[in-house]
Amino acid sequence: MIDKPATIHFIEAGSITTTSATIAAITVQASNVRITDALLIGTGGSTMSSGDGIRSTGTLAAPVLGLYVERPRISEFSRYGVVLEHVHGFAISDVDIRRCAYAGIMLLSAVNGRVHGGLIKDILQPSGNNSYGVAVSRKSPESITGDGPRSRNITVENVTIDGVPNWEALDTHAGENITFQNNTIYNARVGIAVIGSKDESGSGTAYGPIGCKVLGNVINSGKTDGTAGIGIIFAGAADDLGAPDELATGCVAGNIISNYGTQGTATSSSIQVYASAGVSITDNTIINSGFSGIDFYHDNYGAKASGNTIVDVWTDTASSCYAIQLRSFYNRVSISGTTIVRMSKTATKVNDRGLNISASTTNLVRDGGGNDWAAATTLATAGDALTSESRNYAKKVGLYGVAPVTRAPAVASPSTDPASLKTAVDAIRAALAGIGVTG
């Protein structure tokens, strides 16, 4: 146990090997502690218990202040590689964490920290129903305004996570200003989950993530048979459709997501968003997604999807597959700059539909311009129950056999070029016809 400010440096063959599955190799209870080059070995990660590599536990009234863990080599612990609870001002860098049962790094009601660089490999989850590469959560189910506040102001970046086959590589439950940036993820059931947290009773989902960012990550499920989970989930607190408790805010931008989605499951996609306010999904590249690329599930208010490239969304078992879908209701989404690409995927249906809007009067799609749906077999489908604006947008991009509007090429001044004048007039007529206006 470290109970006073100290620097602990492991040299040469120095290491700690535990003999009990219920203890921590190093326990930190003091502020201003630095641990470097630790080599810690547990009793085995194939049995879940309460053994941790490094454990630091403060309290709401007396958090641990200033903990720095550099270049740790941690393996075979029955719970966490590193766990910090009520720790403020920390950095964990250049990790090598392997074969732990429940999580590589667990952060609970932690504040102002950074996890940077290194490798987390093979989180085994021998029992139970969840496991994580890095999780940023809250001490739960204590009150969010009391003993279990949100983790906040934390960045996880440049970490490679390989092998969380039963759950999530990166996760935050109701975090505030959490950034997952430039990480590389392989072989995880879910790549990144930015989701809600339970209420004080531990039963319902009451608190959503606030101001979170998912930026520039590379995520590959490692599966090509259409049995992967969801690449990125960005969701607020919602136990029931249409009744969110707290909406998620933030953005998902510049990620590359490959081989996610379950091919015959409507609830599956590479990016799924629900119970959100003003969330932007921008400049992501989605490759070989099963069933749908981007799924705006329900209760997305003022969402924006812009500049996304979707390559070969596919299915062998469903009747259709979608690049982007508004799947349920209460979705208000602006869509712009979408590009659908046909590459080499072989399946019964590939790029079957560009945009699918469910037949709910509560959905509204706005055309932000610059969308290219041409590589889809059917450009858009929508139900007649839609608002007229969404229905007309669906018509404009190809529903009911109406050809999509394309921007006319630049022309010379009509006043000096009669041929250009005719071209401009014809383009205007075509645009009007595309939204159902004739004459």
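**Fold, pocket and selected residues of a predicted model**

User: What share of the contacts with a separation of 6 or more is accounted for by residues 24 or more positions apart?
Analyst: The chain has 439 residues, of which 52% are buried. Among contacts with a separation of 6 or more, the share from residues 24 or more positions apart is 71%.

User: Over which residues does pLDDT stay under 50?
Analyst: Across the chain the mean pLDDT is 88, and 86% of the residues reach 70 or more. One stretch stays under 50, and the model has 32 contacts beyond four places in sequence for it; this stretch is residues 395-416.

User: Which element gives the most to the lining of the largest pocket?
Analyst: The largest pocket has a volume of about 990 Å³, and 41 residues line it. The elements that give two or more residues to this lining include strand E6 (52-57), strand E14 (152-173) and strand E16 (184-195). With four residues, the element that gives the most is E14.

User: How many residues in the lining of the largest pocket are charged?
Analyst: Those nearest the pocket centre are Asn 130, Tyr 132, His 173, Ile 195 and Gly 196. The lining as a whole divides into 16 nonpolar residues, 14 polar residues and, as the charged group, 11.

User: Is Gly 45 buried or exposed?
Analyst: Gly 45 is placed in the loop between strand E5 (39-41) and E6. Beyond its neighbours within four places in sequence, its contacts include Glu 76, Phe 77, Arg 99 and Leu 124. Because its relative accessibility is 0%, Gly 45 counts as buried.

User: How far apart in space are Gly 45 and Gly 81, C-alpha to C-alpha?
Analyst: In sequence, Gly 45 and Gly 81 are 36 residues apart. In space, their C-alpha to C-alpha distance is 9.9 Å.

User: Why does Asn 187 count as partly exposed?
Analyst: Asn 187 is found in strand E16 and has a positive phi of about 55° although it is not a glycine. Most residues other than glycine have a negative phi. Asn 187 counts as partly exposed because its relative accessibility is 36%.

User: What is the relative accessibility at which Asn 259 counts as buried?
Analyst: Asn 259 lies in the loop between strand E23 (256-258) and E24. Although not a glycine, Asn 259 has a positive phi of about 65°. The cut-off for buried is under 20%, so Asn 259 counts as buried at a relative accessibility of 14%.

Notes: Residues numbered from 1 in each chain as written. Predicted model: local features only at pLDDT ≥ 70, side-chain atom pairs only at ≥ 80, totals over all residues. Heavy atoms only, no water. Buried < 20%, exposed > 50% of the residue type's maximum accessible area, 1.4 Å probe, protein only. Contact = heavy atoms within 4.5 Å. 1 Å grid on protein atoms, 1.4 Å probe; cavity = no way out; pocket = protein on both sides within 12 Å on 5 of 7 lines; lining within 4 Å. Points joined across faces, edges and corners; volume = space filled by probe spheres on them. Nonpolar A, V, L, I, M, F, W, Y, C, P; charged D, E, K, R; others polar. pLDDT = per-residue confidence, 0-100.
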